[in-house]
Amino acid sequence: MERYTVSLEDELAEEFEQFIQQRGYKNRSEAIRDLIRDKLKQERLEAEPDSQCVGCLSYVYNHHERDLSRRLTERHHGHHDISLSTLHVHLDHDNCLEAVILKGKTPEVQAFADGVISQPGVRHGRLFILPMEET
Ligand code: NI
């Protein structure tokens with residue numbers, strides 16, 4: 001069995017503890033194993049190489065975060081073929097919510113979303129995928 005050490009911000013750690021209690025997990029490791037299994041299963045489902053999909057990617061970010069707005073915009077322009085439209089909401093003084101409609105091959109849509117979600121400063125990233133039949 002492999003052992004990992006993971007660092008969590010206080011806020012995230014607290015939320016995770018609540019999640020563990022609510023779901024009745026006996027320990028953190030079991031909760032993390034389930035989360036990983038769940039994510040990997042989803043990845044496998046979405047990895048069908050030629051399947052087409054429409055995706056809705058949403059995330060929150062602090063627009064004061066150094067260089068982040070520019071990096072996100074560049075990413076969208078770099079993938080203008082799959083990034084169809086973005087709704088931008090100024091949530092409060094600091095935070096912005098974006099909801100992006102994506103369309104294309106499922107792995108490409110997934111990779112684009114992963115690239116956005118993994119940017120430092122991007123929070124609550126979520127991709128919802130709708131499979132599409134090819135016409
Ligand atoms: Ni904004």
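The legends below describe close-up views of a predicted model.

View 1. Three residues supply the protein donors of the nickel ion: His88 through NE2, His90 through ND1 and Cys96 through SG. Along the chain, the donors follow the spacing H-x1-H-x5-C.

View 2. His88 has a relative accessible area of 30% and is partly exposed. His90 counts as exposed because its relative accessibility is 61%, and the cut-off for exposed is over 50%.

**View 3. The open sheet.** Here 4 strands are arranged in the order β2-β3-β1-β4, with antiparallel pairing. The edge strands, each pairing on one side only, are β2 (83-90) and β4 (122-132). From one strand to the next, the twist averages 15 degrees.

**View 4. Pairing of β1 with β3.** Strand β1 (residues 52-62) and strand β3 (residues 95-105) run antiparallel and are joined by 11 bridges. Asn62 has Asn95 in β3 as its bridge partner.

**View 5. Helix α3 on the sheet.** Helix α3, residues 68-78, packs on the sheet and touches β1, β2, β3 and β4. The direction of helix α3 makes about 170 degrees with that of β1.

**View 6. The annotated segment at residues 5-43.** An unreviewed UniProt entry places the feature "domain: Ribbon-helix-helix protein CopG" at residues 5-43. In the model, this span is 77% helix and 0% strand. Its end C-alpha atoms lie 23 Å apart.

Terms used. Residues are numbered from 1 along each chain as its sequence is written. This is a predicted model: local features need pLDDT of at least 70, side-chain atom pairs count only at pLDDT 80 or more; totals for chains, interfaces and linings use all residues. Side-chain values use heavy atoms; hydrogens and water are left out. UniProt positions are given in the numbering used here, feature names are shortened, and annotations may be inferred rather than shown by experiment. Helices (H or I, at least four residues) and strands (E, at least two) are DSSP runs, numbered from the N terminus. Donors are N, O and S atoms within 2.8 Å of the metal (3.2 Å for Na, K and Ca); water is not among the atoms, so sites may look incomplete. Buried means under 20% relative accessible area, exposed over 50%, partly exposed in between (1.4 Å probe, protein chains only). Two strands pair if DSSP finds at least two bridges between them. Axes are lines fitted to C-alpha atoms, for helices over the stretch in contact, and angles run from 0 to 180 degrees between N-to-C directions. Contact means heavy atoms within 4.5 Å.
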